[in-house]
Amino acid sequence: MKLLFLTDTHIRASSPQNRTDDFVATLKAKFREVNEIAKREGVQAILHGGDLFDIPSPSLAVCGDFVQIMGEAGVPIYGIAGNHDVFGHNPDTLPRTMLGFLDRIGLFRLIHPGKPLFLDHAGTKVQVTGQHYHYDLDRRDPRLDYCVDTVEADFGIHLVHGMLMDRAFMDGVAHTRVDQILDTAADLTLCGHNHLGWPEVKHDGKIFYNPGGFVRLSNHPTDANRRPQVLILDFTSGKLEIKKIRLKTARPGDECLDRSQTEEAAFAAQRLADFVQGIKAAGDYKVIDIGAIIDEIAGREGLPGDVREEAMNRIASAQERLTIGENKR
C-alpha cells in the first residue's frame, strides 16, 4: 500500500499580494503534478491535511477547474477541514461550506473525529483518523485532539490541522509541542496549518511531521527558500517508509515571490508584536484571537459554557453571511 499526503493547498481565485506569477495557473499545474505522482507511485489514496480552500464558500467559478483536476487523480481523496475551510473556526458549519459539499458528492471524503477510516490493500490495513481545526485546538488538553487511544490495524495515521511544533514556539501563539503527545497510539501524526513546516521527529518508533504547505503565500525568507513537497507513505516493505517529493512545478522563491515588501512587512510585524504585547500587558491575554478573548470574558464574568458556544456560533454565522455577500458582489 502507498498513500500520498499533502496539505494547505488554499485554492483561490486570485494571486496573493506577495506572488509575482499567475498563482492560479501555478496551483493548477501543481495539482496536475500531484496526479502524475500518484499514478507513477501507484498510490491507493490521497490524504489532505486541511485548508483545501482559502475561504469556506468560494464561488463555483473558482472551484470548477480544480474539482475537475482533482477528479482526474484516479484515486479517492480523504482529508480534514482546516481553519480556512469553515466559518468562524467552527467545524459544525461544514455542511454549509464548499468542502462539505465535495464530501457530500464523494469527491473529497472527510475524516471526522471519532470515525476512523480503514484502508486495506495487498494484505496491509491502515487506520486513518482525523481532527478538524476548531477554536479550542492548541488551547485545551492536547491529548483530546492529537492523541489516538487505539489502532485497530497494522498502522495508524492521525491527521490534525493544528499548530503542532517540534519545539516551543513564540510566546502568545497557541501551539502544541510534540513532547506533549508522545503517548499517542498512532504510528504517524501528520499536521498542516503551519505552512513553513518542520523536520520530522521520531520517538519510540513513532513519527511526527509537518512537511510544509503546498503553496507559499508569504514572502517570509523561510517560506521563500523552501520548495513545496508531498509525501509518499509506503507500507509495501511491511514497515512505514516516507519518501519526500519536491514539486517541480513549484518555482524557486526568487522567481515567484515579491521580496520588495519584506522591509515593510518586517515593520508591520514589529508593530503587530508591539500591539500584542500591549494587549497582553493590559489584559493578560494568552492568545490574541476571537476565541481567546471570548474565553477570557467568559471566565472573568463567570458565564456558562453554552453562552460561550453561542457567541462562537454567532461569529461563525456573521462570517458566513459576510462571505456570501462578498461572493454575490
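**View 1. H132 and H112 meet through their side chains.** The side chains of H132 and H112 are joined by a polar contact of 3.0 Å; a polar contact is a pair of N or O atoms within 3.5 Å, where within protein one must be able to donate a hydrogen and the other to accept it, and residues adjacent in sequence count only if both atoms are side-chain atoms. The model shown here is predicted: local features need pLDDT of at least 70, side-chain atom pairs count only at pLDDT 80 or more, and totals for chains, interfaces and linings use all residues. Residues are numbered from 1 along each chain as its sequence is written, and side-chain values use heavy atoms, with hydrogens and water left out. The H132 side chain also reaches the backbone nitrogen of A81, at 3.0 Å. H132 sits in the loop between β6 (124-131) and α4 (143-146); helices (H or I, at least four residues) and strands (E, at least two) are DSSP runs, numbered from the N terminus. With a relative accessible area of 3%, H132 is buried (buried means under 20% relative accessible area, exposed over 50%, partly exposed in between; 1.4 Å probe, protein chains only). Leaving out residues up to four places away in sequence, H132 touches I80, A81, P91, L94, L110, I111, H112, P113 and L137, where contact means heavy atoms within 4.5 Å.

**View 2. Strand β13 is enclosed on both faces.** Here is a strand to look at from either side: 6 of the 6 residues of β13 (residues 229-234) are buried, so the strand is largely enclosed by the rest of the structure. In a regular strand, side chains alternate between the two faces of the sheet. On one side of β13 lie Q229, L231 and L233, on the other V230, I232 and D234, and all are buried. Strand β1 (residues 2-6) runs antiparallel to β13, joined to it by 4 bridges; two strands pair if DSSP finds at least two bridges between them. L3 has L233 as its bridge partner in β13. Strand β14 (residues 241-246) also pairs with β13 in the antiparallel sense, over 6 bridges, and there V230 is partnered by I245. The hairpin of β13 and β14 has 6 residues between the strands, and in it G238 takes a positive phi near 90 degrees.

**View 3. F214 and the nonpolar cores.** The largest nonpolar core has 39 residues, of which L4, I11, I46, F214 and V230 touch the most other members; such a core is a set of buried Ala, Val, Leu, Ile, Met, Phe, Trp, Tyr and Cys residues joined through side-chain atoms within 4.5 Å. Two or more residues each come from β1, α1 (23-41), α2 (60-71), α3 (98-104), β4 (108-110) and β13. The largest share of this core, 7 residues, belongs to α1. A second, separate core of 23 residues includes L3, I111, V126 and L233. For F214, the contacts are L6, T7, D8, T9, L27, K30, F31, V34, P228, V230 and L247, not counting residues up to four places away in sequence.

View 4. Where is empty space left? Rolling a probe the size of a water molecule over the atoms shows it. Searching the whole structure gives 1 cavity of 30 Å³ or more. On a 1 Å grid over the protein atoms alone, a cavity is a set of points where a 1.4 Å probe fits but cannot get out, while a pocket is an open set with protein on both sides within 12 Å along at least five of seven lines; lining residues have an atom within 4 Å of a point. The largest cavity holds about 80 Å³ of space, a volume being the space filled by probe spheres set on the points, with grid points joined across faces, edges and corners. Its lining consists of L6, F31, V34, N35, I46, H48, L52, M70, I77 and F108. Both α1 and β2 (45-48) give two or more residues to this lining, and α1 gives the most, with 3 residues.

**View 5. The second largest pocket.** This pocket has a volume of about 310 Å³. Of its 19 lining residues, G114, T129, C147, V148 and D149 lie nearest its centre. The elements giving two or more residues to the lining are β6 and α4, and β6 has the largest share, 4 residues.
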